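Here is a short briefing on a single chain, meant to be read with the model open beside it. Take a look at the structure first, and then we can walk through it together.

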Amino acid sequence: MITTRKTMQLNPQIIEKGGKKEFVVLPYEEYQAIEELIEDYMDLIDLREAKSAEQDESSVPLDEVIKELKKG
């Protein structure tokens with residue numbers, strides 16, 4: 001299995017309130033990259049759940065589907 005890993009450099013600005021870390025400000029591009037990674041992760045979870053739910057379902061080989069489609 002080939003895997004790729006996105007590398008991300010974060011440059012957060014931490015804002016404190018009453019001496020405690022309260023907020024983080026990120027450059028917009030970094031926020032977008034994080035949001036994309038979260039969406040990809042959620043898609044992966046959905047895919048795994050769908051595959052798990054269909055694990056016991058019967059399937060039809062692709063070549064048989066093609067033959068049926070060609071028959072009309």
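Let's start with L26, which sits in the loop between β2 (20–25) and α1. The model is a predicted one: local features need pLDDT of at least 70, side-chain atom pairs count only at pLDDT 80 or more, and totals for chains, interfaces and linings use all residues. Residues are numbered from 1 along each chain as its sequence is written, and side-chain values use heavy atoms, with hydrogens and water left out.

**Around L26 and N11**

- L26 has a relative accessibility of 28% and so counts as partly exposed; on this scale buried means under 20% relative accessible area, exposed over 50%, and partly exposed in between (1.4 Å probe, protein chains only).
- Leaving aside residues up to four places away in sequence, L26 touches N11, P12 and I34, where contact means heavy atoms within 4.5 Å.
- L26 and N11 are 15 residues apart along the chain, and their C-alpha atoms are separated by 6.4 Å.
- N11 belongs to the segment before β1 (13–17) and is partly exposed, with a relative accessible area of 45%.
- The contacts of N11, again not counting residues up to four places away in sequence, are V25, L26, P27 and E30.
- From N11 to Y28 the separation is 17 residues in sequence and 11 Å in space, C-alpha to C-alpha.

- E30 lies in helix α1 (residues 28–53); helices (H or I, at least four residues) and strands (E, at least two) are DSSP runs, numbered from the N terminus.
- Is E30 buried or exposed? With 10% relative accessibility, E30 counts as buried.
- Beyond residues up to four places away in sequence, E30 touches M8, Q9, L10 and N11.
- The chain has one aromatic pair by the rule used here, under which rings of Phe, Tyr and Trp (its six-membered ring) pair if their centres lie within 6.5 Å, with planes under 30 degrees apart counted as stacked, over 60 as edge-to-face and the rest as tilted.
- The ring centres of Y28 and Y31 are 6.0 Å apart and their planes stand at 35°, so the pair is tilted.
- Both Y28 and Y31 lie in helix α1, three residues apart, which is about one turn of the helix.
- An α-helix has 3.6 residues a turn, so residues three or four places apart point the same way.
- Y28 counts as exposed at 52% relative accessibility, while Y31 is partly exposed at 40%.

**The chain as a whole**

- Two helices and two strands make up the secondary structure, and along the sequence they follow the pattern β-β-α-α.
- The radius of gyration is 22 Å, well over the 11 Å that the globule rule gives for 72 residues, so the chain is more spread out than a compact globule; the radius is taken over C-alpha atoms, and the rule is 2.2 Å times the number of residues to the power 0.38.
- The C-alpha trace spans about 70 × 25 × 25 Å along its principal axes.
- Of the 72 residues, 1% count as buried.
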